[in-house]
Amino acid sequence: MAQLYYFITVVSLLLFLQSDSYAEAGTIGVNYGRLGDNLPPSTQVVALLKSRNINRLRLFDPNPDALEALQGSGIEVVLGTLNQDLPQLAADLSFARSWVSTNVIPYSQTVRFRYISAGNEVIPGNLAAYVFPAMQNLDQALRDAQLPYSIPVSTSVSTAVLGTSYPPSQGEFSMDIDPIMRSITGFLAANGSPFLVNVYPYFSYIYDPVNIPLDYALFNSSRVVVRDGELEYKNLFDAITDATYSALEKAGGASVKVVVTESGWPSNENGEIATIENARMYNNNLVAHISGAEGTPKKPGESIEAYVFAIFNEDLKPSGTEQNFGLYYPNMTEVYHVEFID
């Protein structure tokens, strides 16, 4: 009888884990931007991340010092290509193979690469047409390398790719880039790769403060702000994410998962909006939201993967708020505290 009870219990647990009622907690990482002339060595940065139980990191380019420091750390990495490399990556498979040989293969045994991103925020723009063929060549080069694990290839975009984002169910890619986005979406769907998008409620708010409540942008609203059919939204982050899912569906990518490669709030240089208190509030609420298991209204119970922008204030970025998105000053003292949930 005891054996029968144990069998029924195990089977019930397995069925629960496979059911829609089971929700998996999301995962949070950080962006490691390096546009500063006073940033600490990468070895110190990796030690700082480990001390904070931060196990996922996004690199915008394959910096050798950073990759060396990450070896054996257990930190998983989203690795980007330089935007200026996209034309050659798109046109020349041998260049893509050389890129993989230089930047991925030497570290593949000691660094876990989650994704390779072909550029960052170049769609729409002059480099947009190069993204899809660059993704194809990078994917082929990774397959040719016969690594011990597969590394999905994608690209990271801003929400400027959305021609429509409100309400979220009407989310759709802009008509002028629709052919490019359909090609990319088809590639992602065929390969089981995610769509990487940078989600900034801060920018949405400052461009339309009349119609967007600040508490809605900061995850602080206790009331439903947007009703979209049966879906109810209390925060702008979820609304933007679900608008992206809707756009993917319309482009043939209903199976494609969204990964938020950037999200954050500046702590200075914009009056009463870009303040330390608002930045602390937004990023702590973001981490709590991602680390929970509720998902978004359109994707309830589905885990969210997101990366806070950024580790440091970077003094070589454009002046103003762009220099003030960091969780830390370059001397590695906190701008404000964010509680990362292990």
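Me: What should I know about the model before I start?
Reply: It is predicted, so local features need pLDDT of at least 70 and side-chain atom pairs count only at pLDDT 80 or more, while totals for chains, interfaces and linings use all residues. Residues are numbered from 1 along each chain as its sequence is written, and side-chain values use heavy atoms, with hydrogens and water left out.

Me: Helix α7 then. Which of its residues are buried?
Reply: Asp 178, Met 181, Ile 184, Thr 185, Phe 187 and Leu 188. Buried means under 20% relative accessible area, exposed over 50%, partly exposed in between (1.4 Å probe, protein chains only). Helices (H or I, at least four residues) and strands (E, at least two) are DSSP runs, numbered from the N terminus.

Me: What covers them?
Reply: The cover includes α6 (128–145), β5 (153–158), β7 (172–173), β8 (195–198) and α10 (236–250). Contact means heavy atoms within 4.5 Å.

Me: And what comes after α7?
Reply: Gly 192 follows α7, with a positive phi near 70°.

Me: New topic. How many residues line the largest pocket?
Reply: The lining has 40 residues, and Glu 121, Ser 158, Asn 198, Tyr 200 and Phe 203 lie nearest the centre. A pocket is an open set of points on a 1 Å grid over the protein atoms alone, where a 1.4 Å probe fits, with protein on both sides within 12 Å along at least five of seven lines; lining residues have an atom within 4 Å of a point.

Me: Which elements give two or more residues to that lining?
Reply: α8 (201–207) and α10.

Me: Tyr 200 is in that lining. Which ring does Tyr 200 pair with, edge-to-face?
Reply: Phe 325. Their centres are 5.8 Å apart and their planes at 80°, so the pair is edge-to-face. Rings of Phe, Tyr and Trp (its six-membered ring) pair if their centres lie within 6.5 Å; planes under 30 degrees apart count as stacked, over 60 as edge-to-face and the rest as tilted.

Me: How many aromatic pairs does the structure hold?
Reply: 15. One aromatic cluster includes Tyr 200, Tyr 202, Phe 203, Trp 265 and Phe 325.

Me: What about Asn 324, buried or exposed?
Reply: Asn 324 counts as buried, at 13% relative accessibility. Beyond neighbours within four places in sequence, its contacts include Trp 265 and Asn 313.
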